[in-house]
Amino acid sequence: MQKVSLILFLLFFALTTYAQNNITGVVTDAKTGETLPGVNVHIKGTTKGTITDINGKYTIVASDNDILVFSFVGYTTKEIAVGNQTVINVALEGESLGLNEVVVVGYGTQKKSDLTGAISVVDMKEMQTRQVSTIDQALQGQVAGVDVTTNSGTPGGGVMVRIRGIGTLNDANPLFVVDGMMVDNIDFLNTSDIESMQVLKDASATAIYGSRGANGVVIITTKKGSKNKEAQISFNAYYGVQNFWRRAPLCNSEQWAILNNEAQNAALKPPYPGLADPKSLPYTDWFDEISNKNAPIESYDLSISGGNEKNTYYLSGSYLDQEGIVDKSDFTRGSFRANGTHQPKKWLTIGENVTLVRTEQNQVLEGDEWNNILISAMNMDPVSPVYNPDGTFAEGIYNDINNPVARLHYTNDVYTNYQTLANIYADIKFLNNFNFKTSYNLEYTFGTSDYFEPQFYVSPVFQNQQSTIGKYHDSNFTSQWSNTLTYNNTFNDTHNLTVLIGEELYSFRSEWDGITANNVPTDDPAIRYIDNATGATSAVTYGSAYEVKQVSYMARVNYDYKGKYLFTGNFRADASSKFSKKNQWGYFPSFSAGWRLTEENFLKDISWLYNLKLRVGWGQIGNQGSVPAYQNVTTASTGMNYTWSTTENGDGAYFVPGSAFTSSGNDEIKWETSTTTNIGVDFGLFDGKLNGTFEYFNKVTSDMLLQVPVPGQAGLQEAPWQNAGEMKNNGVEFSLNYSNRNHEFKYSIGLIMSHINNEVTSLGNGNEFIDGAPFRGNAYLTRTVVGKPIAQFYMYKTDGLFQNWDEVNAQTAQTGVAPGDVRYVDEDNDGNLDFFFVGSPLPDFTYSFNTSFEYKGFDLTMNFQGVSGNKIFNAAAWYNRSSSAYWNLDVDMLDRWTGEGSTNDARHPRMNAMDVNNAMMSDRFLEDGSYLRFKTLQIGYTIPVKKHINKLRIYFNAQNLYTFTKYTGLDPEIGTGYTGGLDIGIDRANYPQARLMSFGVNLIF
């Protein structure tokens, strides 16, 4: 009997083995016949599968009864029964080129063809060619109406993102939503983890997010695994070097000595003896001394994804290590992500998204116009050495600028941040047409700043008599619980209706504390602890916290008739703890409609017209981000000591600790409200090869929250908050893309352009002006007034140079001047110089060009990005074009005025060590900030591979390859300064972006 069983088993095994066949074939485009690499081929109902190679070929082992499933992005999925076939060639039909693409919108999804609001989809393939330390930098030049400006080029530095201009005087930052979680920034994300990104720009699209979406919304969905797919492993890595793309154009020692001697002579002062022979002077290139040449950057990320019939998974880890182009400025980030979905029942799906991030940033002083490292390097005289003969740091011989190399050496400031984001959700389908989703999100960040300055002496003005140690902690906890119920149904095959209702609870708490102490006995890093400081018992401590809570209700209706007539209505109600009970609630409706003209019979016969849709929308959104917490109540501030005397004549005076009301609360403050009207046209021509969008929008922000100045006799240090302002933004956006992928040579060309007008229409009852951007403690560079754009440059206007004494004597507005000095405009000839609005930091146009090409495994991507029509105040030039020559000078000062008719350029007046005229804040330091930047160049080659490797691509990448600009500073890309939202367009020798050259590899197996 055992022998019979064994024979039957062997016969069954043989038959089973015989039924398993090697199936081979080629997958092509049904229209062009071109082979398709990367097509997913799997056996239906299993996780067994493969991917076509670069030539569209595949091999898979399957039985006669199996069904092969062929799927590829942009093509209709195809299923084929194996039967007795051993060669199965497949031609896939292209989908309707993006119109059926599913787009993530607020709390749901829609087909791209059904969108009625101003929503832009980011090209992730283009975005992933950018090699940047934070993902928001990669958004630059990707979407019309979205301006991304780098605030600092330091590794891990922040950026300024503005969607359709500056909507308020205060917090104009957009909302970022990552896998349903609302976050304030996205610098923790790894580009390779992102599946899709959408930008919601008008109120009809963002109103579902209520007050959080007042300045636009960026929705990001991270990658997940695929059902019935065997594990796929992806590995990406690159290594590169970074350098300054432009050096400061400074004088060498001979040139500076010549100008300094001339300045001394003009002031009737003897030249410095040490500068008597300029040709024999030593030269220190301070800019070179602080530079970190060929600063390395390396990045690695590894992911594994897959799934079976009921579960999917995506796991990834990444590491970025970037040194700065300035010494001791570096940044590292390590992250881990785990995304999963599980379907224990057909009607139930649960999932989780977890992200863990650790960053560490070594920080150098930047931003401050007095002492930042780049200012010091540009201002230090080029004759002084770095070191004394004994190896100690040298002080400046001819000015008191801090030795920048010494400053870097003594800087020990490290900020370490830990961040956890977690999301868990359940999705329940019932009664065929209903869907309930509950989602809980939390974010916790914990940061530590460790600061140590040792005891040192370089000069009388640059010393630290006792060492200082400090530690600072901050933590933020955010929780968000969202619940939505969706009804979706189609009636009579013509009426499509989707209704969503929901509620949301949001809570945010921030805490911070710090301590500083003096006299650590040694510089040894192992001893740098507060307890080891001899001054620990007299340490200074500080700390505080605040909390904001919000409850919201929302509703949305989407309706379309035969896919031709589209309607979307949103309503959101928010209640915030920032406002008193009588103003706590804000109600924000929006409506939008669309008409797909190409679905009408009178246009269906036009073969070259592929898609044409008109859209119109209107909506209101609230904003609470502009006002800090607790401004609706009057709070007392501690630390307000009072001098108390025990006698009438003041003898025996002593300090008594006290508190004071530095401001007044206002329980009348309420929500800012932004009202937006949007008109858009989407079009596609020539079978969808040419696609474009045109938008016009008008956005009015009313009840703007401001700190309106109060009379001095009120006794308040800070003005109370009021709803006192109004601002208007309107403009146009245009995007156009031509893509031809029907040939062996594939290419795509895109253009994006936007123009925005900004105008302040009210600043309260008195329409007072607001000054911003302080410089050197005694001047404001911008002024905001009614009738003009925000933060206009407001200063003296130059009118060339005085050429002779007759011109000097013919005016009375300027005293103590001589031929060769700057002449300013006295418009009303009253003998007093006048201030003028001399330009705007806001550009007239922003634009970008994107191109890509592919041919036989080779690919090329190029991106150009630029702005036009804005001005920059070159604050560094205030020093480096000084007539006194106290600081080092720009080399263009060699073209200074040397006699009548030599030049009339106000930028280059005569040299004069006693100058009191040429350094006044004027448009002498204002420059054209327009630029066109060759942002990205990437050249790659996909190597034909077999067996277990699905894709192997190597590439060369260049970032910030060249910048076309008339601006003379280190970088024309200037964001927000350190003093707030009105401090824009001021270049205080900002840390510039680096030029990066790198090599990388993409591997999938």
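A salt bridge here is a side-chain nitrogen of Lys or Arg within 4 Å of a carboxyl oxygen of Asp or Glu. Before you start clicking, keep in mind that this is a predicted model, where local features need pLDDT of at least 70 and side-chain atom pairs count only at pLDDT 80 or more, while totals for chains, interfaces and linings use all residues. Residues are numbered from 1 along each chain as its sequence is written, and side-chain values use heavy atoms, with hydrogens and water left out.

**Stop 1: Arg-881 and its partners**

Select Arg-881 and Asp-892. They form a salt bridge, with 3.1 Å between the closest N and O atoms. Both sit in the loop between α11 (875–880) and β49 (926–928), so the pair ties together parts that are 11 residues apart in sequence. Helices (H or I, at least four residues) and strands (E, at least two) are DSSP runs, numbered from the N terminus. Are Asp-892 and Arg-881 buried or exposed? Asp-892 and Arg-881 are buried, meaning under 20% relative accessible area, whereas exposed is over 50% and partly exposed is in between (1.4 Å probe, protein chains only).

Arg-881 has a relative accessible area of 0%, and Glu-927 is buried at 6%.

**Stop 2: Asp-799 and Arg-823**

Next, pick Asp-799 and Arg-823, whose side chains meet in a salt bridge (3.8 Å, N to O). Asp-799 belongs to strand β43 (residues 798–801) and Arg-823 to strand β44 (residues 822–824), so far as the chain goes 24 residues apart. Asp-799 is partly exposed at 42% relative accessible area, and Arg-823 is partly exposed at 22%.

**Stop 3: a network**

Select Arg-164, Lys-201, Lys-613, Arg-615, Asp-682, Glu-695 and Glu-733 together: salt bridges link them in a network. The whole structure has 36 salt bridges.

**Stop 4: the cavities**

Switch to a cavity view. On a 1 Å grid over the protein atoms alone, a cavity is a set of points where a 1.4 Å probe fits but cannot get out, and its lining residues have an atom within 4 Å of a point. There are 9 cavities of 30 Å³ or more. A volume is the space filled by probe spheres set on the points, which are joined across faces, edges and corners.

The largest cavity holds about 290 Å³. Of its 24 lining residues, show Gln-137, Gln-322, Asn-960, Gln-993 and Ala-994, which lie nearest the centre. Strands β19 (311–323), β51 (951–965) and β53 (994–1004) each give the lining at least two residues.

For the second largest cavity, at about 100 Å³, select Gln-110, Ile-119, Ser-204, Ala-205 and Thr-568, the nearest to its centre among 15 lining residues. Here α4 (203–206) and β29 (565–576) each supply at least two.

**Stop 5: an open sheet**

Finish on a sheet of 5 strands in the order β10-β15-β16-β13-β14, open and with mixed pairing. Its edge strands, each pairing on one side only, are β10 (119–121) and β14 (181–183). Two strands pair if DSSP finds at least two bridges between them. Zoom in on β13 (residues 175–178), which runs antiparallel to β14 and is joined to it by 3 bridges. Which residue of β14 is the bridge partner of Phe-176? Look for Val-183.

Methods:
1 Å grid on protein atoms, 1.4 Å probe; cavity = no way out; pocket = protein on both sides within 12 Å on 5 of 7 lines; lining within 4 Å.
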